[in-house]
Every structure is written in C-alpha cells, then in structure tokens.
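Please read the points below alongside the sequence and the coordinates.

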Amino acid sequence: KVISKIIELMLFPVISQFAVKHSYRMVLSEYQNHYPDITFIAPDKSKIALDLKSTYRTDGQTVNGFTLGAFTGYFRQRKSTKNITFPYEQYAAHFVLGIIYSRSDDAVDERRVYTLDDLQSIVSVVKDFTFLLQEKWHIASDRPGSGNTKNIGSARNIQALVEGNGPFALHGPEVFDDYWMNYLTEDMAQAIDSDVPYRNLEEYWQWRDRVALKSKRKRK
C-alpha cells in the first residue's frame with residue numbers, strides 16, 4: 001500500500017498536466033475507499049473514471065493482479081451515490097492506469113540509519129516499471145480479486161494486461177456488465193437461498209442459455 005501511494009503521488013502532476021492540456025476538470029475521490037480515484041469532466045460535461053492500480057510481477061509473464069472495484073453496491077445500483085463520486089451510470093467510460101513493477105531482491109538493512117550523504121546508496125525496493133492504460137472491461141477477469149472483498153479481479157498475464165486482451169475483450173462491455181451484475185459468491189448465494197449460477201465465463205454462457213430457454217417457455 002505504501003508503494004502504491006508513492007507511485008500515485010509521483011504520477012499526480014503528470015495526470016494534472018494531461019487534464020489541463022485537454023481542458024478536463026479533475027474531481028478527486030474524497031475517501032480512499034470511494035470509486036474512482038479521479039473523475040475527469042470534459043468540456044461537454046461527459047465524465048470519465050480513472051482508477052490508479054499497481055501490482056508486482058510474480059515471474060516474467062504474470063503479475064499478482066489488480067482489483068478493479070466492487071461488483072456489488074454502486075456497480076449494480078447504478079444511480080447510487082454511495083462509495084462513488086458520481087453515480088456509475090453517469091460515466092461514459094471507466095479506465096485503469098495500471099503500474100506493474102518488480103520487487104527488488106537486494107537486501108535492505110532496516111536497522112541502519114541513513115543520512116543525506118547516503119541517498120545514492122539506498123537500495124530501491126521496486127524496479128522495472130511497466131505502465132498500461134485500458135478500459136476496465138478490457139482487462140477484467142471472470143474471477144473476483146484476492147481476499148474476501150467483493151471486487152472484480154484482473155487478468156494476470158502481463159501481455160494481456162498491456163494489450164487489453166482479458167477474457168471479456170472479445171465479448172464487449174455489455175457482457176462484462178451482465179456477468180458481474182449477476183455474479184454471486186458462495187455467501188451471496190446462501191443469503192438468498194440460491195445456488196451459485198456460474199463461476200467463470202464458460203459456465204456463464206450455459207447459465208444465459210438456461211435463462212433464455214426459461215423465458216421462451218414462459219412466453220409460450
């Protein structure tokens with residue numbers, strides 16, 4: 001979290017210059033857990049969401065992954081203003097500025113007291129940065145992010161992230177929205193006395209076929 005915050009602070013002047021250059025007004029999130037980190041308001045009043053995300057490489061081809069925001073709350077109740085700067089439905093696009101880095105293998109003596117003369121000898125804890133800018137649905141996974149929080153996970157292959165070729169890239173934002181608006185975790189399903197409808201895109205298409213068949217039978 002500390003590394004992520006430092007990266008954000010370093011990027012902020014660059015993002016501010018971008019906003020001025022393109023006549024965007026920037027609205028920052030008032031709270032750390034609110035979405036998005038930055039809202040750009042264009043001259044035509046359209047809104048663009050930008051989330052800053054960072055993650056580290058686990059090997060030469062994969063990363064630990066990003067968490068791309070909640071799939072409950074404001075994501076499903078798109079007129080809601082809870083935990084979001086503006087209602088989700090007001091955003092024309094949702095972008096992720098992703099930062100990938102490698103963790104340094106060099107040992108750091110945490111007991112040593114450094115002086116200004118030692119600045120050049122301090123070992124960096126991160127290196128080899130890769131930056132990417134993609135719409136959220138382009139890099140989203142069909143699995144939740146890590147932990148018990150109800151967040152959308154991301155693709156973990158570095159090339160897929162950089163090129164925006166996540167699982168939903170071929171299907172479009174409508175499928176991404178429908179998938180995550182209907183996704184249920186085990187505890188969510190138990191709370192409504194239901195089964196988990198699907199756990200991945202393959203099962204999602206099967207579920208959609210069943211829903212369509214039921215709807216067709218009701219019309220008859």
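In this predicted model, phenylalanine 168 is in contact, beyond its neighbours within four places in sequence, with Trp137, Ala140, Ser141, Asp142, Val175, Phe176, Tyr179, Trp180 and Leu201. Phe168 is also listed, together with Phe75, Ile152, Leu161, Phe176, Tyr179 and Trp180, among the residues with the most contacts inside the largest nonpolar core, which has 39 residues.

**Nonpolar cores**

**Nonpolar surface**
- Val2, Ile6 and Met10 make a nonpolar surface patch of about 330 Å²; methionine 10, found in helix H1 (residues 2-21), is exposed, with a relative accessible area of 61%.

**Salt bridges**
- Of the 8 salt bridges in the structure, one joins the side chains of aspartate 177 and arginine 78 at 3.2 Å, N to O; because aspartate 177 lies in helix H4 and arginine 78 in the loop between E4 and E5, this pair ties together parts 99 residues apart in sequence.
- Arginine 78 counts as buried because its relative accessible area of 17% falls under the 20% limit.
- Lysine 150 and aspartate 187 meet in a salt bridge at 3.3 Å, N to O, and both lysine 150, at 25% relative accessibility, and aspartate 187, at 44%, count as partly exposed.

Methods. Residues numbered from 1 in each chain as written. Predicted model: local features only at pLDDT ≥ 70, side-chain atom pairs only at ≥ 80, totals over all residues. Heavy atoms only, no water. Core = buried A, V, L, I, M, F, W, Y, C linked by side-chain atoms within 4.5 Å. Buried < 20%, exposed > 50% of the residue type's maximum accessible area, 1.4 Å probe, protein only. Contact = heavy atoms within 4.5 Å. Patch = residues over 30% accessible without salt bridge, like charges linked within 9 Å, V, L, I, M, F, W, Y side chains within 5 Å. Areas by Shrake-Rupley, 256 points an atom, 1.4 Å probe, with all protein chains shown as cover. Salt bridge = Lys/Arg side-chain N within 4 Å of Asp/Glu carboxyl O. Helix = DSSP H or I, 4+ residues; strand = E, 2+ residues; numbered from the N terminus.
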